[in-house]
Amino acid sequence: MPEPETQTEVFDVAIIGAGVVGCAMARRFTLDGAKVVVLEKAAEVLDGASKANSAILHTGFDAPPGSIEQACIATGYAEYLEIREGLGLPVLKTGAMVLAWDDAQLARLPELVEKAHLNGVLDVEMRSREDLLKAEPALSPHLKGGFVVPSEYVIDPWATAHAYILQAIANGAELCRNAEVLGGAYDGEKWILDVASGQVKAKQVINCAGLYGDVIDERLLGQASFSIKPRKGQFVVFDKPASELVGAVMLPVPTKTTKGVVIFRTIFGNLAVGPTAEEQESRTDASTEAASLHELRAKGIEMLPALAEFEVTTVYAGLRPATEHQDYQISQHEARRYVSVSGIRSTGLSAALGIARHVADLNVGVAFQGAPIKKPICPAPDRLSNYHTRDWENAGHGGIICHCELVTKREILAALNGPMAPTTLQGLKRRTRATMGRCQGFYCTGALSSLTEGYLDPPIGERDA
Amino acid sequence: MRSMLNCNVAIVGGGTAGLALATALRQQGVDDVVVLERDVEAGGVPRHCGHYPFGIRELKRVLKGPDYARALIEKAVAAGVDIRTGVSVTALHPNGRLSLNTVEGNVELQANRVALCTGVRESSRAQRFLSGSRPQGVLTTGALQAMVYLNGKRPFKRPVILGSELVSFSSIMTCRHGGMRPIAMVEEGPRITVRSFMRPYAALKGVPLFTSASNLRIHGHQQVEAISFANRHGVTQTIETDGVIISGQFRPEAALLHASHLEVDAGTGGPVIDQFGRATDPSYFVTGNLLRPVETSGWCWHEAVETATRLARDLRDPIGDVPFVTLKSADPVIRFVVPQRLSQTIVEGGMSQMQLRVNEPVSGHLTATTNGRTLLTEFIDSRPERRILAGMPPMHRLGSSQTVELKILRQGNRPKN
């Protein structure tokens, strides 16, 4: 990782924030020939809103027609499916169902189907209650009806963003972690950014700071045209055998503010229920609350009664960077060569590639230092899908360290010594899934504390002097 | 691995139960007994319990956990047991076929009998639905012990211990050994869970105890900074600390079972077994703490030795698939019963007692009934997390019944015989 203070070069683009949007942006501009630097406040990428989500690749069937969000989801979705094989990203085509549990919800279905068609998601189709129960027999018989969205996928939310940023790095981008942007000024030719440990110069700035989008706009533009209203979402993740209860992602009829509580399989083989939607002031407090978790579990059981028999593997919470506005807040400040990409509230994972393309299109005619890269390097991704071949299945893995998630010594060492090596346990978990299984580290924490010695800060444990 | 493609008895898990079972099988003349251990060494949980007392009943010595584990391994090896470490069982298949993984790759193993001895683990922070942030420094006792005794590491300096089971007290010893000073023990129940004679131990070690704690909450950004809870008077109390030890609330390590054809009992979280220790596939036996949470190593050792006799006889003279009667709790207070079914066979030598646990303190008459007939009545007086042993319903009185129901009739509500 380069030290910002040593940066004398002027980058074409400085991207602030290495969430999924920043990572996709870095990839896009790098492949378009720009010399890119990514400035991330935290010690790891994906440390904010992108840390925790429902890991679904949405078609955007329920996005507001004509919105930037809908357009970005549509193009992002298409590009994901186009590039994901080359990047080694696994997908699981689960499809989704939007389910009505009372008459009022039932009455809203036709307008939602119509909206989906308007959004170009033409395979969305109404289904009878009987057909739905036949397809998903574990659903509660209290179901009233619903429709299917056959083209929704579940994906790996971390490997996805890692693949974007790793591809950017492999093709010339630079990533600076622990590099909070404290201020900066545009001198008519370039931005001079004050970063935690020095200065970074770039001809153009793209603010992808997520939960801090308004803060960065204020620091660099002097004002923000929106304010971030963090919305917390808690999730309960059930043990892997529960994933056999359903095939499709189970969506409720959405309200104005939230998609509601979803039941979804994860690509790691679990079944999850969530999120809640709780407005709060804090941009960092992703606490879980016992009462909400019990409610989520009960809600899951209400829709999927057999879930009562399954153990919980883990719980988590994420913060969505909502704003007072419904749509994404993407604005260009041409005079100062600045783009603010904010309010990417809950669809960022699906839309990231589309958002990157949208922003790149705003820049038509701007020359970069390099030419567009025709044959980009595709770095080896983390292969963590439960539905695809994993490292442990191949000889020479050095032994299994995390027994629940079958994470091998070879995988952990590769992550620790590879590009963008994790420096925290959180980062290592997202790269390898170590300790993320049903025992939550009961068996492997000891071995992991030795294996990671010298790599993580803070370490898992300190050795006695 | 070629020699392992077939074996007579494959034992999954090389902890106390697995090693004791393997050794006893060899001593009874059973050939080709293989222990499959996924860790780098056999020995199981005692390997990282660097404290006394282990081995009193079974080895007639008082040992620390790691010495006890070594003694069990030596006995097993001396008896001719083939212990394979670094072998993960990845799937259980019908009729004794296992999928294994080693550093060399995947391989299938066919055994005449499989014994599952995968033990227990503690419930995690997530499984307890604890509120608060999720910083580093929240560990189960097992994870802490592995760090301290096997890796010479210290995850925090002044932790708070959550829970008051036997293992919670052993975590105090682990902390001392690793140069950490526990600053409080917090229990959600009205009294400590472990038998009361252990209680002075906490006082002796100078660890203040808080019972009837509710609304537990973990604070801290990167590392734990504090834990808060409402005390018995409903007043919120905050203790500054850099770590939380999540202790106890054991549950069987039943991952393989859940993904297999074998039936799992909701009460124990372990497999459904009959009085011989056979799972719902008669080629699978089960012993040790996988049966239920949680007993001491000494208890598991004895259980395994008894299971060895039953397994050895089954190899000579298989019981096979026979009709069975289901033993089941018909009382919400009864958390579980082991075994969960009684095979109807003339073969004798099954367990002579059932094991039960209750969810809340209870005093009364345990009754087993079928079709309105009372098969047995026994007085019990117990609390949660205490072992309850009761006589087995007499086989000759089962008749054509399908289910035997267990209830506890409270004091003053005497059963009619």
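Tutor: We begin with domains, whose bounds come from an automatic or database domain assignment. In chain A this gives domain 1 (4-52 + 157-226 + 325-362), domain 2 (91-154 + 229-323) and domain 3 (391-451). The C-alpha centres of domain 2 of chain A and domain 3 of chain A lie 30 Å apart. Please note that this is a predicted model, in which local features need pLDDT of at least 70 and side-chain atom pairs count only at pLDDT 80 or more, while totals for chains, interfaces and linings use all residues. Residues are numbered from 1 along each chain as its sequence is written, and chains are lettered from A and ligands numbered from 1 in the order in which they are written.

Student: How many residues of domain 2 of chain A are in contact with domain 3 of chain A?

Tutor: Two residues are in contact if their C-beta atoms, placed from the backbone, lie within 7 Å. By that rule, five residues of domain 2 of chain A meet five residues of domain 3 of chain A. On the domain 2 side of chain A, the residues that touch domain 3 divide into one nonpolar, two polar and two charged. Here Ala, Val, Leu, Ile, Met, Phe, Trp, Tyr, Cys and Pro count as nonpolar, Asp, Glu, Lys and Arg as charged, and the others, Gly among them, as polar.

Student: What does the radius of gyration say about chain A?

Tutor: The radius of gyration is taken over C-alpha atoms, and the globule rule is 2.2 Å times the number of residues to the power 0.38. For the 465 residues of chain A, a compact globule would have a radius near 23 Å, and the 22 Å of chain A agrees with this. The C-alpha trace of chain A spans about 65 × 60 × 45 Å along its principal axes. Chain B has a radius of gyration of 22 Å, close to the 22 Å that the rule gives for 417 residues, so chain B is as compact as a globular protein of that length.

Student: How is burial judged, and what share of chain A counts as buried?

Tutor: A residue is buried if 20 or more other C-beta atoms lie within 10 Å of its own, exposed if 12 or fewer, and partly exposed in between, with C-beta atoms placed from the backbone. Of the 465 residues of chain A, 57% count as buried; of the 417 residues of chain B, 51% do.

Student: How many helices and strands does chain B have?

Tutor: Helices (H or I, at least four residues) and strands (E, at least two) are DSSP runs, numbered from the N terminus. Chain B comes to eight helices and 27 strands, and chain A has 11 helices and 23 strands.

Student: In what order do the strands of the open sheet of chain B stand?

Tutor: Strands of a sheet pair through backbone hydrogen bonds, either parallel or antiparallel. Two strands pair if DSSP finds at least two bridges between them. The open sheet has five strands in the order β9-β17-β11-β12-β13 (chain B), with parallel pairing. Its edge strands are β9 and β13 (209-210) of chain B, each pairing on one side only.

Student: Which residues are bridge partners in β17(B)?

Tutor: Strand β9 (residues 138-140) of chain B is joined to β17(B) by three bridges, and Leu139(B) has Ile245(B) as its partner. Four bridges join strand β11 (residues 159-162) of chain B to β17(B), where Val160(B) is partnered by Val244(B). Both faces of β17(B) are covered: Gly243(B) and Ile245(B) on one side and Val244(B) and Ile246(B) on the other are all buried.

Student: How many residues of chain B are in contact with chain A?

Tutor: 41 residues of chain B are in contact with 42 residues of chain A. α4(B) gives the most to the chain B side, with six residues.
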